[in-house]
Structure formats: structure tokens, C-alpha cells
Amino acid sequence: MISRLYIDEAVKHHPSVGAVQESLPDVPVSVVPDTMKVHEALAAKQDPIAAGKRVLFLTRNKGPFLKKCPGTKSYICCGYQILHIGTYCTMDCAYCILQAYFHPPVLEYFVNQERLFRELDDLVRSRRPPFHRIGTGEFTDSLIWEPWTELSKALVPYFAQQDRVVLELKTKTTAVENLRGLEHNKKTIVAWSLNSPAIIRTEERRTASMRARLRAAAQCEAWGYPLAFHFDPLILYEGWEKDYRRLVKELFASVSAQNIVWISLGSFRFMPSLKPIIRKRFEKSRIIYGEFIPGLDGKMRYFKPLRIELYQKMAAWIRELAPDVMLYFCMEDEEVWEKALGFVPEGRGGLPRMLDESAARYCGVVIEGLKIED
Amino acid sequence: MSCSNSDMFNYADKVISISEIDTKDDTCRLSLRIDPDALVGSIRAVGLVNPPVVRQRQDLKYCIVCGFRRVMACMALGWHEIKVRVLLGDLSELDLLNLVIWDNRSHRGLDVIEQAQGIQKLSGHIPFRNRLQMLSSLLGFPQNQKVFEKIEALSRLPEAVQAGVTNEIVSFEAAADLGEFSHEDALSFFELFKVLKLSQNKQREVIALVQEIAIREDLQPGEVLQCNEIRTILDRPELNRNEKGSKVRNYLKRRRFPTLTKAEERFAKELKALKLNERIHLTPPPYFEGGRYTLRMTFRSMKDFDERRKTLDAMAKNPALKRLLEPWDDK
């Protein structure tokens, strides 16, 4: 799958580099002075976006490892914090914003994790950390790195030995084997993005099937990990109601609602610059031809009554099988919350607070001023 | 300073029979302007000042290198013979195209269709890596990959549509958009634009709407353009071009965005029920996103202000306002 390994000259003697090289013994290696050299090599390819998925660039993160999620004030944000381990993905989803986010996008992994753990140390030592939820699945898939790195084996036990912050690993893979037997103390939530088999087949190249994801989730549940699920992006297409209803049923037939920390719902939204990329790279894809309007954040999103109907139905199907599960919307406004769920987060302390409470309840995270009752 | 011709191009002036010219040979033709009318008067008045440049082929027929319209004008005048400059020597197609381009550019810039023809005819003769730099310099367009791709797309269009660009029926940008359609579909758009004479932005809007409707409904773009609704609008004799254009665009928008159009129509209906006058304007948030409505009121005096206040009081009591502010409640 990886056809070339690029190594940033600045990290070529880092011990993690040798470990990655050992896991890719037959892959040719180029040591480069900077990212530009990798970008130049990719830009010359016919499909640089696809080519960027087949090279792995080992480098260092020059900025902070902990970052705020790029939410906007126009919609209600969950207050997620990103642990920036690397960028891009080996899978190829039509709707993936990462195709347009980096120019050109390249699979990039940061090996200077000494600093990552120093930043985490500073965070977890604080009695009142500014946030309680961290995830690695914003600029990449959390588990695609497992074949070449031992990141999960380092992160999961690290989070297990503290009780202030919970880690969410979000994936579309089934690469959970490295999680087996780890001391997790319920401080790592393993989460899957879910979609209907029809959407996975047409829009999510090289991802695991829906059933395979659910089997992996059931496996993690058996290992005692708390779970989460993200129905995102929900896409309107002919037959979506039947397919999504079945998906919800399959989810709760595979895992127990009692072990689900949260479920998010998000309808398909995209930056306008992604549209020509999807048209070019996914000629048969129909997802950009829905009734989209420009949202307040500049992204295209389904016209509001369509979103409300989609969420109302999804919420009803989920509530039918898991009435108490923490359900939330990713980047929606108060009107959508009110109409689809019957309340707005502000009335319950705000969405970040609601999610923190769920993390406290399911994962035992200690939050100052919060007492969880069984 | 010498006044001789270039080392490469040598000519022999000659009078030949017009029937010896193969006017269908367009190897060196860049321009699609073949209407000779403007030249007929000039040639009739002062004769053929600049003889066309031709080249004799192996079958002894002549092909035109420079001066297609001059030859056509002479034919239109009923001439049987014509004075020409016959190119001598062994010249490649690239040499001939260079001659045509520089001959044209000596007195005017090439239009985009001529540039597109130039790209099409020259591309096979130029190494790929130098293509943009050489063609932009030779044909006179900016050295920019996106511009190059748009101009190149024009050469794939049916000749009628290319002529439509030259005649300003189809804008350059819209024509570049049409480059990705089949000839049949591109011609369907062209027929519509001939009737409606839309601005560049509106042509592009129509192209995008039709393309997306076709994809959504699994149709060919031509089928969308030839639907009964559009044909009925175009056939209405009481409508002028602008009105037809507006109705066609509205129809396409309604078909592409049915829920949004319905919401806009519903808003307009409830707004009318509020009976506001022209001094009070209520506008919804763009695309009804965000939920923030805008009320704008103008007044000149206390009396005016008092009247507006009464209108606003009546508006607040009108059930249409609640319906208007909660547009998705009856879904």
C-alpha cells in the first residue's frame, strides 16, 4: 500500500523512524530536506491526492500537538480537542475534506512524540484542565497508523493512568488488534464513523464494511473499552430512510447501548472547493448534487428542513432502541437541536458540558464541580 | 537594413485558377469567420491588395495558408482567376502554422477561438513540457495553466458553438464549461443561448443547473433542455427575451432546488399576508440559515414613525408572522 517512505532529514536518527522502516522492509526510502520535496514529487503525479495516500512522510510536528477543533461560532461545537499525531489517510472517501485541506495532501506522521507526551503531561497534571475530551481522528483516521507504529500502545496506557481527560480514537478501520490486552481503565473511547453499506460501497473506498466495523466495535466492547459512534456524514439519497434505519438496528444488535458514551449525527457538508475535487476524482458520486445551500460558516450544507427531517428520523430510530444514549449534533444551530431533539444544549449547560458529563459517567473522568449519580 | 523576405519563407507570385484551390482544406485555418461580405466591397472597390498565400500540394491542388476570407470574397465576386503568393520549398505543417499566426498577429490579436484552433493544431508538434510556455507566447494568451485549459476546451466544441463564441452568442467562460459536454448537448445549450442572449454569469448558471439536474434525474442535459416546460416558455410570443430568460432560469432553479424554492414561495405568500407597505421590509436570513430575520423601516417624521409603529403592531398580531417565522413547523 505504501510505495515510498520519505524521511525528513531532521528526524532521520529518531528511534521511531527505524521502527517504522522495519515495519515497511520492502519500501524504498528517500531522505528529504523538507516537505517541499515530497510535495514536488506528488504534484507531478496525475492524481496527487491519490498519490499522497501511497507515500508516508515521517517528520516532526513544529506546532502544538494539542489543538482546538476548527469549529465556528455560527454553529454549536462540541469543544473537542485534537491530538495532532499526523495528517491524511490511506482510505479514500469522496467527501473527505482532507483532500482540499492540504496542498497537496500527504500522509504525514509526526515522530517527535516526546513533546506530544510533555504536552499531555502538562494537561493531565492540571486539576482543572481546560478540556476533558481529546481525539486523534480529526486530521486523520486514528487507527490507520497501527501497522507501522505502536502509537495506540503508548497512548492508551498513558490515558489509563490519569482521570482528568478521555481519549477518543475514531476510525473506519478494523485495526483494533493492538488494543487487545492494554490497560485502558476506560479512559480510551474507541469510536467508529458509520454509514450505510450503499454509501460505504460508493463513497468510501478502501474502508472496512459496515458489518466489519461493528464486529470490531463488539470486540472492543468485549475488551471493556467504552464506545462511541458517529453517523457522519449522513447523506440523503434514494432509499436513505430504509438503509439508515437498518444501520441503527444493526448497531444496537452488535453492541450494548450501555457501553456507548455518545453518538453524533452530522449531515454532509463541504467547502465549495471540495466540489470540483469530488467531481473529478469520484465521477460516479452523486453526493454533491443534493439541495445544498451555503451555511453560515461558508460550507455547503443541506437546506435546513431537509436536515431537520433527517435528524428527526435518525434520532427517533436511535431513541427507540437506546432511549438514554447521549445523542448530539455536529455543527448545527439551536433551531435544528430544538426541532430534532426537543431541546437546546445551552439549557443543559452547553454541549461541551453535556459530553464531559457523559465522559464522567461512562469513563470515570473527574470533572471539578460535577457529581455523577448512578 | 535588408528588405528581403525571411530565410525560411520564399514565395512566387502567380495567377491561378480559383478552381485549383481546395477551399475545404483547413490545415492552416484558424479563424472560423468565413463570411466574405465585408471584404467583397473592398475588393470590388480597390482590387485584391494583398494576395492570399497558398501552398501547392502533391496532388497539384493549392491549399490556402493565409487569406481564406479573401479567396471566398473573390469567389463571391465571380472571379475565375486569382493572384496568389505560392510558398516555395519544403515546409513543415509547424512552419506553415507559424506563418499563419504571425501573419494574423502582425495586424491584430487572435481571438479565443483562433487561439483554441492554434492549440489544437500545434499541440502535436510541441513537446508536452514546453507546451504552455510556447503556445502562450505564440498565440498571445496569458501563461497560466487554467487559462490554457479553458481555451483548449473550446477546440473540442462543435464548430457552430465555436462560431457562437466568435459572434458573442456564447461567452468564453460558458463555452469553456460546455467543453465537457457531448457535441449534441453543447449544441442544445447553444440553441437556447441563441434565443435568450443571456449574460456570461447567467449562461454559466443555466449550464450548472442543467448539468446538475441531469445528474440528479439520470437524464442527458439535452433532455432537460428540451423538456416541455422550457419549450412552452420559449414558444410564448407575448414574452420578450429577458422575460423568457428569467422564466427559464426560475424553472431550472425550482427543479434543481425544489425544497428551497417552495420555502421561498411560502415566505413570499406569508409576507404578502402581512400587508406591509413599501416603507417596511422584512427579509429572511440568506437561504433561511441562521434564523436571523431583518426588518427595515424608513420614516421622515414623527407622524410617519407613528404610522409605521401601527403597521408593526398589526404585523405582530397577524398569524402570518408566526407561520413565517416558523417555516418548518408543518413538515
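## Aromatic pairs

Counting over all chains gives 27 aromatic pairs, where rings of Phe, Tyr and Trp (its six-membered ring) pair if their centres lie within 6.5 Å, with planes under 30 degrees apart called stacked, over 60 edge-to-face and the rest tilted. Take A:Phe303 and B:Trp328: their ring centres are 5.4 Å apart and the planes sit at 85°, so this pair is edge-to-face. The pair crosses between chains, with A:Phe303 in the loop between strand 17 (300-302) and helix 11 (304-321) of chain A, and B:Trp328 in the segment after helix 16 (319-325) of chain B. Helices (H or I, at least four residues) and strands (E, at least two) are DSSP runs, numbered from the N terminus.

Both A:Phe303 and B:Trp328 are buried, meaning under 20% relative accessible area (1.4 Å probe, protein chains only). Elsewhere, A:Tyr95, A:Phe268, A:Phe270, A:Phe292 and A:Tyr302 make up one aromatic cluster.

This is a predicted model, so to speak of local features pLDDT must be at least 70, and side-chain atom pairs count only at pLDDT 80 or more, while totals for chains, interfaces and linings use all residues. Residues are numbered from 1 along each chain as its sequence is written, chains are lettered from A and ligands numbered from 1 in the order written, and side-chain values use heavy atoms, leaving out hydrogens and water.

## Charges over rings

A:Lys53 sits over the face of A:Tyr88, 4.2 Å from the ring centre (the rule: NZ of Lys or CZ of Arg within 6 Å of the centre and within 35 degrees of the ring normal).

## Nonpolar cores

The largest nonpolar core has 206 residues, and A:Leu56, A:Phe229 and A:Phe231 have the most contacts inside it; a core is a set of buried Ala, Val, Leu, Ile, Met, Phe, Trp, Tyr and Cys residues joined through side-chain atoms within 4.5 Å. Helix 11 of chain A gives the most to this core, eight residues.

Note on methods:
Buried means under 20% relative accessible area, exposed over 50%, partly exposed in between (1.4 Å probe, protein chains only).
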